[in-house]
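Work through the two exercises below with the model open beside you, and try each task before reading its solution.

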Amino acid sequence: MLDLPGIIEGAAQGVGRGRQVVSTARTADLILMMLDATKSHMQRPLLEKELEAVGIRLNKKKPNIYFKVKTGGGISYNATCKQSQLTEKFVYTLLHQYRIFNAEVLVREDVGLEDFIDVVVGNRIYIPCLYAYNKIDAITIEEVDRIAREDHTIVVSIEKDMNMDAFKESIWRSLDLLQVYTKRHSEYPDFSDGLILRTGATVEEACRAVHKSLLDTFKYALVWGKSAKHNPQRVGLSHPLCNEDVIEIVRK
């Protein structure tokens, strides 16, 4: 976790050494934007604008576009579905502006013009963002309700310890993590300290999280939980795990 200094307007252009501060966010797994519920509603779009200026796209998925520059053959454009904004003429015009005359473009979903530009530029980072509005104890309940209904938003009062459990849960969900518990043979699982893994992690990644040497002596694993067809299920290294699974590693 890295606590960055406050971002001011013009930070992306270097005001107050802001470019170094904002660019650091490009390496984050999650951006937690702390906002003051008692201040102007413009603080959120202003901060979003500064992050957008350095190539950070908040709460967006990378466009499903295949784009490859080639050495010859001209420009090939195809779309597997109907496009509401993107046209073949726009693709050709944009690529020529970037002095790209030979490329293959395959669009697999309905995308906007800005999405295609991002793919061509190629230095965009897509990061989840959670907007946390603090000091909700100082505004009306109607205002709290309005703010709480905004996308990717959580409302809290740190001073009054209000809604902090939901705050922690929102961070956990936004990071897209899962927790797996380990157990030794003939012993109960250790529910006090689980392994924190990415969603979609396999038994192999769980072994690496404990110690990479486990892979050298790995025989099979026993898994209890949502990912198991029956409890326990004997699985190999490629078995995908689910949140709150219990795993026992059997060695050779």
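Predicted model: local features only at pLDDT ≥ 70, side-chain atom pairs only at ≥ 80, totals over all residues.

Residues are numbered from 1 along each chain as its sequence is written, and side-chain values use heavy atoms, with hydrogens and water left out.

**Exercise 1.** Describe how helix 3 and helix 4 pack, and which residues meet.

Solution. Start with the geometry: helix 3 (residues 88-97) and helix 4 (residues 113-121) pack at an angle of about 35°, and their axes lie 11 Å apart. Next, list the residues in contact (heavy atoms within 4.5 Å): Phe90, Val91, Leu94 and Leu95 of helix 3 meet Leu113, Phe116, Ile117 and Val120 of helix 4. Finally, sort them by class, which gives eight nonpolar residues, no polar and no charged ones.

**Exercise 2.** Find which residues of helix 6 are buried, which are exposed on the face turned away, and what covers the buried ones.

Solution. Take buried as under 20% relative accessible area and exposed as over 50%, with partly exposed in between (1.4 Å probe, protein chains only). The buried residues of helix 6 are then Met164, Phe167 and Ser170. Seen down the helix axis, these buried residues fall within an arc of 110°, so they line one face of helix 6. The face turned away from that buried side carries the exposed residues Asp165, Lys168 and Arg173.

Key: Axes fitted to C-alpha atoms, helices over the stretch in contact; angles between N-to-C directions. Helix = DSSP H or I, 4+ residues; strand = E, 2+ residues; numbered from the N terminus. Nonpolar A, V, L, I, M, F, W, Y, C, P; charged D, E, K, R; others polar. Arc of directions from axis to C-beta.
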